[in-house]
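Please keep the 3D view open while reading.

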Amino acid sequence: MSLLFESICVLNGRVLNPKWHELRYHSAYSKLFGESSKKSLLAGLQIPIEFQTGKVKLKIIYGQNQKEFSFQHYKTQKIETLKIVHHDELDYSRKYNDRRTLNKLFSFKENCDDVLIVKNSEVTDTSYGNVIFFDGTNWITPKNPLLKGTCRARLISDGKAKKKVIRVEHLKSFKGVKVINAMRDLEQKMIPIENIIL
């Protein structure tokens, strides 16, 4: 069984939105291992001094009886174009450390910055994040993403995003899209909808 992981934003030494990562961790742990985790995801975390300034990506790889922390200074990748790719069998309902299928799909991006994955005729996610579309008034996120991300869950809970089935033919009704994840919140620049390439 593949190990799982959480990517968490640490800003100037402070872990952001830990509640949402804990919720996903405990849900995944209990479903995969058939028991509740007796410890917090962040138990034992010590942030090295060199990673206590600026924006840092904390990656926690875990299994039933193991956990490993790693840190990396983070620079937001510019995403301005998305290439639509189709894959109806892809299962990434848990944050598996084995990303081979996602990486293969990413290789089909051609001249674009990332791929927008369509599964069973529904728009889902990019290779590295959920998507959230702007219709001129509201932010809409796919009802059935590949992975229920923590940023997505928080925005829905806060009433800042609504869930809806989105198909390729619906894309023209939106103004633009943003790629979101634990490291990329709504402050990201919007990608014009015409920059999604069929």
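**Notes on the aromatic rings**

1. Start with Y29. Y29 is buried, at a relative accessible area of 6% (buried means under 20%, exposed over 50%, partly exposed in between, with a 1.4 Å probe and protein chains only). This is a predicted model: local features need pLDDT of at least 70, side-chain atom pairs count only at pLDDT 80 or more, and totals for chains, interfaces and linings use all residues. Residues are numbered from 1 along each chain as its sequence is written, and side-chain values use heavy atoms, leaving out hydrogens and water.

2. The whole structure holds eight aromatic pairs (Phe, Tyr and six-membered Trp rings with centres within 6.5 Å; planes under 30 degrees apart are stacked, over 60 edge-to-face, the rest tilted). Y29 and F33 are edge-to-face, because their planes stand at 70°, with centres 4.7 Å apart.

3. Both Y29 and F33 belong to helix α1, residues 18–33 (helices are DSSP runs of H or I, at least four residues; strands are E, at least two; numbering is from the N terminus). Four residues, about one turn, separate them. F33 is buried too, at 18%.

4. F51 and F71 are stacked, 5.5 Å between centres and 20° between planes. F51 sits in the loop between α1 and β3 (55–62), F71 in strand β4 (67–73), so this pair ties together parts 20 residues apart in sequence. Both F51 and F71 are buried.

5. Ring pairs also join Y25, Y29, F33 and Y62 in a cluster.

6. Last, charges over rings (Lys NZ or Arg CZ within 6 Å of the ring centre and within 35 degrees of its normal). K59 lies over F5, 4.6 Å from the ring centre. R99 has its charged end over Y128, at 4.1 Å.
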